[in-house]
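Thank you all for making the time this morning.

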Amino acid sequence: MESEIKCSICGHTSSNLLDFKCPSCGKPLDIHQHQRFDTHQINHKNYSAWRYAKFFPYIKETEIITLGEGWTPLVKFSSNLYFKLENLNPTGSFKDRGSTTIISALHKQVKNAESYISEDSSGNAGASMAAYATRAGVKAKIYVPENVSGPKLNQIQFYGAEVVKVSGSRTKVAEEAQKPTKEGFYVGHVLHPLFRDGIRSLAYEVAEQLDWQVPERIYLPASAGTLLLGVLSGFNHLVESSIIAGMPKIVACQTSQVSPLYHRFKGSRYAPPQRITSIADALVSTNPPLLDLMVEQLKVAKGDAVMIEEKETLEAFQELAGTGFFVEPSSAVAYAAYKKQLKSKEASKNDRTVLILTGTGLKTALQPH
Ligand SMILES: [Zn+2]
């Protein structure tokens, strides 16, 4: 067995790629790799995330649904600081790594059942899933809160997905999306282990692009936890396979409004605001279902967490745009966190550091002034 689906809490194993939570206890599922990473198995002629197809053994290579995601540039910004340009993915965010993986794994089954996929997201994940579904010729229903609008919702609609508006909380939207599991296939990016597993390719790329010399530090924004857990899983796989000497220090970056991970990690209390008004509008998970997993795995990996104020996010966003990197404000949170740790001397300019710039600035509704 090359990989296995296993419950993160009770250890129940599953072979059903459709399971999005543990059938026994309802907790999150994880994909475990039994196969070692081997650089000889990389398809060096493939300039996408699928150069690592051999390490996703549950997907048949003839069934891959791709839009050219991954193998994004790693650009040197200053002497020891690199930017990983995930904003250059086909739909404008790192989420394409997860969507290509889950849609490649499931599209045949969905089609054979003459069914559809459902997802709850009004943001980058919804847009990404809609794009890969339509590429695969699969119908998508994207569940969103009733009052959303803006460029990301437009993108979802242009890809031809059916948008289902739900009134009530974000949890209610997720519940509605999960309901049609009899006739539809729930592929929700927050819970589904196949989506999260697809993010592993990001860690492989950073390592390969640096000649397998891992950076000292990696800064990434954290919300629902798919990016954080996916990147941790990728680097863990490389360490276990003796490809890299040790884990980089992964720094999870959050806004003061949405910082459940930061507070739990630092042992302080978090009280979410009534309404999230931050310009970092991709970071909205005040009560992420994967929080326990995120805290535990970040601790095991000896990572860190940083919290950023609104003013610092805006400054970082403007500073990045002013140097030619037009990314979404949520990505700028990672840059703000890096600068904050330089100032407090928790980070050093001598450390080789990678910032994950998660999404494009072209979807922002912010106006310049
Ligand atoms: Zn379980």
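**Spaces, helices and single residues**

By class, the lining of the largest cavity is made up of three nonpolar, four polar and one charged residues. Please keep in mind throughout that this is a predicted model, and that what I quote has been computed from it.

Let me stay with that cavity for a moment. The structure holds one cavity of 30 Å³ or more, and the space in the largest cavity comes to about 40 Å³. Its lining consists of A49, W50, F56, R97, T100, T101, G198 and S201, and the largest share of that lining, three residues, is supplied by helix 1, which covers residues 95-112.

How many residues line the second largest pocket, and which of them lie nearest its centre? There are 24 lining residues, and those nearest the centre are D30, I31, H32, S233 and Q297. As for where the lining comes from, at least two residues each are supplied by strand 1 (3-7), strand 3 (29-33), helix 5 (193-198), helix 7 (226-240) and helix 9 (291-300), and helix 7 gives the largest share, with seven residues. By class, this lining has eight nonpolar, nine polar and seven charged residues.

One of the cavity-lining residues, S201, brings us to helix 6, in which S201 is buried. Nine of the ten residues of helix 6, which spans residues 200-209, are buried, and therefore this helix is largely enclosed by the rest of the structure. Just after helix 6, D211 takes a positive phi of about 60°.

Helix 10 gives us another case to look at. This helix runs over residues 310-322, has 13 residues, and reaches 18 Å from its first C-alpha to its last, which is close to the 18 Å expected at 1.5 Å a residue. Its buried residues are T313, A316, F317 and L320. Seen down the axis of helix 10, these buried residues fall within an arc of 100°, so they line one face of the helix. What do the buried residues of helix 10 pack against? Their partners are strand 5 (81-85), strand 12 (304-308), helix 11 (329-343) and strand 13 (353-357). Just after this helix, G324 takes a positive phi of about 100°.

W71, which is placed in the loop between strand 3 and strand 4 (74-78), has a phi near 45°, a positive value in a residue other than glycine, and W71 is partly exposed, with a relative accessible area of 23%. E114, in the loop between helix 1 and strand 6 (116-120), also is not a glycine and has a positive phi of about 50°. Is E114 buried or exposed? With a relative accessible area of 76%, E114 is exposed.

I will close with two residues whose positions can be described through their surroundings. N89 sits in the loop between strand 5 and helix 1 and, at 5% relative accessibility, counts as buried, because the cut-off for that term is under 20%. Leaving aside residues up to four places away in sequence, N89 touches E69, G70, T72, F94 and D96. N89 and V166, by comparison, are 77 residues apart in sequence and 29 Å apart in space, C-alpha to C-alpha.

E175 lies in helix 4, residues 170-178, and is partly exposed, with a relative accessible area of 45%. Between E175 and D120 there are 8.8 Å in space, C-alpha to C-alpha, while in sequence the two are 55 residues apart.

Technical notes. Residues are numbered from 1 along each chain as its sequence is written. This is a predicted model: local features need pLDDT of at least 70, side-chain atom pairs count only at pLDDT 80 or more; totals for chains, interfaces and linings use all residues. Side-chain values use heavy atoms; hydrogens and water are left out. On a 1 Å grid over the protein atoms alone, a cavity is a set of points where a 1.4 Å probe fits but cannot get out, and a pocket is an open set with protein on both sides within 12 Å along at least five of seven lines; lining residues have an atom within 4 Å of a point. Helices (H or I, at least four residues) and strands (E, at least two) are DSSP runs, numbered from the N terminus. Ala, Val, Leu, Ile, Met, Phe, Trp, Tyr, Cys and Pro count as nonpolar, Asp, Glu, Lys and Arg as charged, and the others, Gly among them, as polar. Buried means under 20% relative accessible area, exposed over 50%, partly exposed in between (1.4 Å probe, protein chains only). The expected span of a helix is 1.5 Å times one less than its number of residues. The arc is that of the directions from the helix axis to the C-beta atoms. Contact means heavy atoms within 4.5 Å. Grid points are joined across faces, edges and corners, and a volume is the space filled by probe spheres set on the points.
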